Amino acid sequence: MTRVPLLSVENLTVQFRGDSGWVTAIEDVSFEIGAGENLGIVGESGSGKSVSALSILRLHGRANTRYASGAIRFGGRDLLSMSERELRKVRGGDIAMIFQDPMSSLNPVLTIAEQIIEPLQLHQGLSSAAARRRAIELLEMVRIADAGRRIDEYPHRLSGGMRQRVMIAIAIACQPKLLIADEPTTALDVTIQGQILELLRDLQREIGMSVVLITHDLGVIAEFAQRVLVMYAGRVIEQAPVAALFNRPMHPYTDGLIDAVPKLDGDLHRLTTIPGSIPDLATVIPGCRFNPRCREAMDVCRRNAPALLPVGPDHLSRCPPRAAARGAA
Amino acid sequence: MLRIVVIRLIQAIPVLLLIAVMAFILMHLIPGDPAVVIAGADAGPAAVERIRHELGLDRPILEQLLSWLVNLGTGDFGRSLVLNQTVLSAVGERLPVTMSLAMLSLAITLPVGVFLGILAAYFRGSWIDAAVMTLALVGVSVPAFWIGILSVILFSVTLGWFPSAGYAPLLANGPGAWLSSLIQPAFILSLFQIGFLARMTRSGMLDVLDQDFIRTARAKGVSEWRTVGRHAFRNALVGVVTVAGIILSLLIGGSVVIEQVFALPGIGRLVVQAILARDYPLIQGTMLLFGFAFVVINICVDLIYLWVDPRVRYD
Amino acid sequence: MTEAPIVTVRDLVKTFPVRGRPGEPKRTLRAVDRVGFDVLRGETLGLVGESGSGKSTTGRMLVGLISATSGTVELFGHHIAGGAEKGALNKVRSRLQFVFQDPQNSLNPRMRVGDAIAEPLDVAGGLSRQARNDRVQELLELVGLPRSCGDRFPHEFSGGQRQRIGIARALALRPDFIVCDEPVSSLDVSMQAQIVNLLLDLQEQLGLSYLFIAHDLAVVRNISTRVAVMYAGGIVEMAPKRDLYAAPKHPYTQALLAAVPRPVPGRARAPSVAGELPSLIDPPKGCAFHPRCPFAFDRCRIEKPRLNPVEGGHAVACHLHEAGGSGTSAL
Amino acid sequence: MTDLALGSNRPLELAERRRFLALRKLAAHRSFKIGLLIVSVLVLAAFIGPWLTGIDPTSMRIRNKFKPPSDQFLMGTDNYGRDVLTRVLYGGQLSLGIGFFVALLSGIAGTIVGVVAGHFRALDAYLMRVMDALLAFPAILVAIGIGAALGPQATSIVVALAVAYVPRTARVVRASTLVIREMEYIEAARVSGASNLRIIVKHILPNCLGPLTVQLTFVFAYAILAEAALSFLGIGPPPPAPSWGNIIAEGRDHAVEAWWIMLFPGIAISLAALGMNLLGDGLRDVLDPRLKIES
């Protein structure tokens with residue numbers, strides 16, 4: 001671990017104001033991402049994957065969010081303790097973000113041009129003519145045909161896939177060092193998803209940026225990420241290079257998740273499932289949060305909150321029994 | 001653009017017709033015989049009958065309705081029964097008063113209401129929000145005519161700053177007198193509307209501020225003021241336009257009462273007098289005017305949508 | 001395959017009028033275009049397509065939620081669409097059910113889940129209070145929920161649990177055929193598998209037939225007997241499960257299979273098919289897929305291919321695979 | 001099927017706490033609490049207060065006329081020497097009663113029109129055209145017209161105002177109906193063969209209730225204000241029985257020398273409208289944060 005991380009999240013805990021007091025959405029989340037690296041964060045709903053992503057740029061509603069502990073280091077500074085004014089220079093500049101639903105993520109009453117030009121003028125101080133030229137270039141980079149004409153249209157005239165391309169063009173406008181993509185393909189049709197993933201990968205190579213890809217889809221993770229964070233109920237439960245994660249998962253939840261994905265090969269009739277339901281944020285589960293659904297749960301899992309332990313090269317898991325088994329082996 | 005206006009106008013014809021019929025029916029529901037009113041208390045039955053015949057009131061209702069509608073088609077709104085004037089000229093005389101009042105009031109309401117709404121949305125949850133919303137709430141809860149009377153006692157009777165009653169026409173008396181005769185009623189009339197508009201603007205803004213594209217704007221590094229003022233307000237404007245249309249209708253309704261308080265010779269006073277005097281043609285005529293105003297306001301609102309909301313513009 | 005199918009669909013068409021700007025001529029959107037298929041007793045037909053493929057509209061026409069513009073639907077020997085005798089739907093209604101996509105709004109938030117499950121029973125009538133409540137408890141148990149939870153409201157359940165409630169409601173009148181409209185699409189992966197297994201178990205226990213609608217091919221693989229792929233309103237390929245996944249013939253089916261991201265790291269990914277989904281108001285001439293098809297030739301741009309059988313229950317609507325053509329080897 | 005059983009019942013137990021969330025949220029909502037307090041105090045004052053003071057609101061003692069507020073007459077006396085406080089308390093019965101019945105009537109009629117228009121699409125255009133035409137006249141004018149037609153009684157004011165507010169209520173109900181009818185649970189009911197009546201009663205009406213209640217609290221507030229305005233124009237409930245509106249109307253002529261006659265009933269009206277508006281705001285926030293209410 002000698003690499004110098006581009007961004008490192010350290011022991012981040014985020015809480016939201018609920019109907020009856022503060023609830024913890026993510027707890028003690030730590031990870032780092034190197035320059036040019038692809039980090040995948042995977043989890044189901046309520047796992048805290050999107051909360052983690054939005055926390056990096058502090059995009060949660062101010063009144064109802066508490067960054068209870070931790071730090072997010074980027075370029076030698078802590079994004080959590082920065083003033084709003086300073087943070088705004090980072091947002092859309094060095095760190096950009098795209099979201100799940102391209103239908104609602106673009107402003108319906110502003111033209112594509114107005115929306116792409118905005119970050120160019122804010123962060124790079126381009127004149128409006130230069131910004132417009134650059135905006136057309138950007139649309140061409142995200143492979144929108146007839147960019148010169150399309151740029152003056154409103155978002156509702158574009159298909160979902162096109163809108164997501166526009167979102168990407170806005171995000172890469174200022175050549176960010178880091179792009180956070182929060183479920184960028186979830187709302188799209190299957191054949192369009194592939195196009196968008198390919199585009200992201202190509203752009204990453206061209207610009208040399210790092211990408212944090214948040215998704216619930218293990219298939220997308222396998223194809224895109226180099227390193228993976230698996231989250232469950234607000235915690236990181238496993239972290240590993242992608243091959244290690246799929247070949248030797250070291251947490252029963254990761255196991256279950258990989259097994260539950262419907263596959264196109266192998267002759268299965270029934271799917272393997274994880275029993276039980278995903279707990280909601282307000283649920284207090286003593287011990288390991290996965291223990292009520294875990295087939296391998298032991299007494300210790302119900303008593304003690306497990307720590308994230310090394311189980312292999314660059315591989316961490318929050319399952320002490322498995323870690324012990326690995327150590328013994 | 002022009003084609004859309006024409007289509008909307010054509011679409012408005014059935015509504016206008018319906019308004020006319022309803023105005024007619026409403027009037028004929030009112031008990032009391034205008035012939036008796038006109039003939040005077042001591043006229044004999046024969047005299048009343050003669051007047052009734054002259055006015056055509058002895059014909060079947062349906063026939064009366066039809067002939068009235070046919071006359072409307074030729075631009076003939078009939079004669080007032082009590083004013084010794086045609087309906088058109090009676091309305092025409094008083095229209096400038098009501099229009100002046102409504103426009104002045106709108107000119108006060110729109111900027112103030114929208115500004116307060118945005119202010120409250122921007123500072124949502126803070127004491128500024130609470131103060132603005134309390135003010136707005138008081139505005140929609142206090143009876144306008146009551147505040148009007150109190151205001152007359154304070155500013156006109158006690159302090160003597162404004163005239164307590166009457167209207168000074170713009171052309172005859174000049175803008176100074178015109179404005180000073182209208183500023184007090186217009187402001188009182190605006191109180192309710194400002195509160196209403198501020199509340200609607202704020203809730204519209206908060207709805208918009210909740211949406212994904214606002215998060216996109218923040219993720220781009222756009223400042224909070226710009227996010228609220230440009231990204232959110234441009235969207236909330238659609239709602240504001242609707243509310244502005246409603247407000248214009250409400251202003252016309254409100255002027256009925258305010259004209260009474262400040263003794264302004266406008267349409268509102270005219271219509272109340274007409275109703276109390278059972279002056280059918282005049283009531284029908286003014287009702288139709290209100291209906292027409294409503295239709296025109298709605299067409300304007302639709303047209304402004306075209307300008308404000310690109311989705312409407314294309315689809 | 002000697003048994004008569006319980007569902008027979010032929011040349012089913014649905015068009016919707018599209019409101020243009022005031023004064024402009026009305027246009028129509030062709031949502032479903034001459035769709036035909038059978039469903040046999042005890043089997044599951046998977047119906048797969050992306051948005052706008054017409055899969056959901058087709059499913060809704062089968063249960064009478066949407067009336068067909070033309071074509072025929074025959075259920076258990078009764079024609080319910082297209083030249084049908086009136087009231088035919090009522091004769092088969094109790095044998096026919098629907099499971100919805102969104103567990104969020106497929107249950108009335110103000111109705112106790114027990115009452116929601118009992119709704120088909122209450123409408124059909126003829127049950128004592130006691131028998132009705134017993135049946136509700138039985139159904140809850142059947143779908144893996146506690147018998148006692150019938151007096152709770154939907155918001156007290158998770159998405160997966162709500163989908164179980166929806167399934168219990170569908171089972172209330174012991175139907176033979178259930179249309180499942182993307183029943184797992186809005187669920188988390190770990191919940192999806194539970195629901196798919198539940199549907200499989202129920203099919204085995206109760207001898208149900210399903211039309212299982214989905215937007216990707218991976219989800220229907222476990223549950224289907226046969227799979228039909230739809231694109232822009234029409235079926236482009238239909239085959240027994242094994243054949244379809246092993247040897248897809250239509251270029252669109254191939255693209256759809258290639259597009260499913262697989263949880264296998266390091267696997268080289270086939271390039272995605274280019275282009276956007278077509279407009280249904282102004283569809284491409286000829287084959288709807290031709291603008292995106294890497295194999296398109298002149299005929300594809302002019303003539304719309306029909307769904308033709310090729311071999312052993314495998315049918316495909318593609319000029320490359322027309323009888324006597326040598327298309328298969330070209331791929 | 002063992003793996004289908006719920007791993008634990010915990011999620012169900014937990015949901016218990018969410019069950020009466022709406023009520024608890026209301027109980028914690030500040031403006032709702034203030035509104036409830038104001039309205040309760042006014043209702044109690046109007047219906048129990050007169051019984052406590054034991055003065056006849058119509059009894060005149062000319063020698064007591066125009067007494068300013070004092071220990072003996074907390075709100076002074078009017079031109080006939082009647083106790084203004086007593087009249088304001090009694091007036092509350094009439095004014096609040098009118099508000100209540102206007103809300104009730106326009107609620108019932110508006111719900112019928114709104115649900116029918118929203119659910120039976122073929123009738124929608126016709127019904128809403130009629131509502132639009134009615135909306136074309138300012139509510140106060142419709143009320144003046146109908147009020148004049150029916151004669152000066154409290155009941156005709158109720159009918160007049162109820163008719164004036166029906167289109168607005170109908171619009172709210174229709175808008176909710178249009179949203180609800182697109183829900184999948186309506187389709188589920190149809191698949192089960194449910195009749196239109198069953199769908200309306202079991203599914204649509206219960207889900208319209210929230211927005212409708214909110215709208216009706218606002219109608220209540222408007223009705224109190226409108227009653228006063230009608231009284232002021234001389235078409236309100238006739239004297240000598242007091243309503244807040246006609247006390248002001250009578251006091252208007254003496255506004256300069258005896259300001260208290262019209263001051264106190266005006267404050268009562270303002271408080272009542274304020275209280276109902278606060279109640280409505282609270283209900284709206286809790287029942288549906290995204291709800292839009294038009295005037």
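Q: Let's start with chain C and chain A. How many residue pairs are in polar contact between them?
A: The count is 18 residue pairs, with both residues at pLDDT 80 or more. Keep in mind that this is a predicted model.

Q: Which helices of chain C supply the side that touches chain A?
A: Helix H6 (189–206), helix H7 (217–221), helix H8 (241–246) and helix H9 (251–259) of chain C each supply at least two residues. H6(C) gives the most to that side, with 11 residues.

Q: And how many salt bridges between chain C and chain A?
A: The count there is zero.

Q: What area is buried between those two chains?
A: About 3800 Å² between chain C and chain A, and carbon and sulfur atoms give 52% of that area. The contact takes 47 residues from chain C and 44 residues from chain A.

Q: Okay, let me pick one residue. Where does Thr253(C) sit?
A: Thr253(C) is in helix H9 of chain C.

Q: Is Thr253(C) buried or exposed, and why do you say that?
A: Thr253(C) counts as buried because its relative accessible area is 0%, and the cut-off for buried is under 20%.

Q: Which residues is Thr253(C) in contact with?
A: Leaving out neighbours within four places in sequence, Thr253(C) is in contact with Leu217(C), Val229(C), Val236(C), Glu237(C), Leu244(C) and Pro248(C).

Q: Switching over to chain D and chain B. What area is buried there?
A: About 4000 Å² is buried between chain D and chain B, with carbon and sulfur atoms giving 77% of it. Each side is listed with its own count: 45 residues from chain D and 45 residues from chain B.

Q: How about residue pairs in polar contact across the interface of chain D and chain B, how many?
A: Five residue pairs, both residues at pLDDT 80 or more.

Q: Which helices of chain D supply the side that touches chain B?
A: Helix H5 (121–136), helix H6 (139–150), H9 and helix H11 (259–287) of chain D each supply at least two residues. The largest share comes from H11(D), with 12 residues.

Q: Now the nonpolar cores. Which residues touch the most other members in the largest one?
A: Phe145(B), Ile144(D) and Leu161(D) do, in a core of 179 residues. Helix H9 (residues 196–233) of chain D gives the largest share of this core, 21 residues.

Q: Why does this core lie between domain 1 and domain 2 of chain B?
A: Because domain 1 (2–73) and domain 2 (87–314) of chain B both give residues to this core.

Q: What does Leu161(D) touch?
A: Not counting residues up to four places away in sequence, Leu161(D) touches Ile98(D), Val102(D), Ala143(D), Ala223(D), Ala226(D), Glu227(D) and Leu230(D).

Q: What's in the second core?
A: That separate core has 96 residues, including Leu271(A), Leu107(C), Ala170(C) and Val184(C).

Q: Back to the domains of chain B. How far apart are their C-alpha centres?
A: The centres of domain 1 and domain 2 of chain B lie 32 Å apart. Their contact takes 22 residues from domain 1 and 15 residues from domain 2.

Q: What is buried between those domains?
A: About 1700 Å², of which carbon and sulfur atoms give 81%.

Q: Which element gives the largest share of the side of domain 1 that touches domain 2 in chain B?
A: H1(B) does, with 14 residues.

Notes
Residues numbered from 1 in each chain as written. Chains lettered and ligands numbered in written order. Predicted model: local features only at pLDDT ≥ 70, side-chain atom pairs only at ≥ 80, totals over all residues. Heavy atoms only, no water. Core = buried A, V, L, I, M, F, W, Y, C linked by side-chain atoms within 4.5 Å. Buried < 20%, exposed > 50% of the residue type's maximum accessible area, 1.4 Å probe, protein only. Helix = DSSP H or I, 4+ residues; strand = E, 2+ residues; numbered from the N terminus. Domains from an automatic or database assignment. Contact = heavy atoms within 4.5 Å. Buried area = accessible area lost by both parts, 1.4 Å probe. Polar contact = N/O pair within 3.5 Å; in protein donor to acceptor, adjacent residues only side chain to side chain. Salt bridge = Lys/Arg side-chain N within 4 Å of Asp/Glu carboxyl O.
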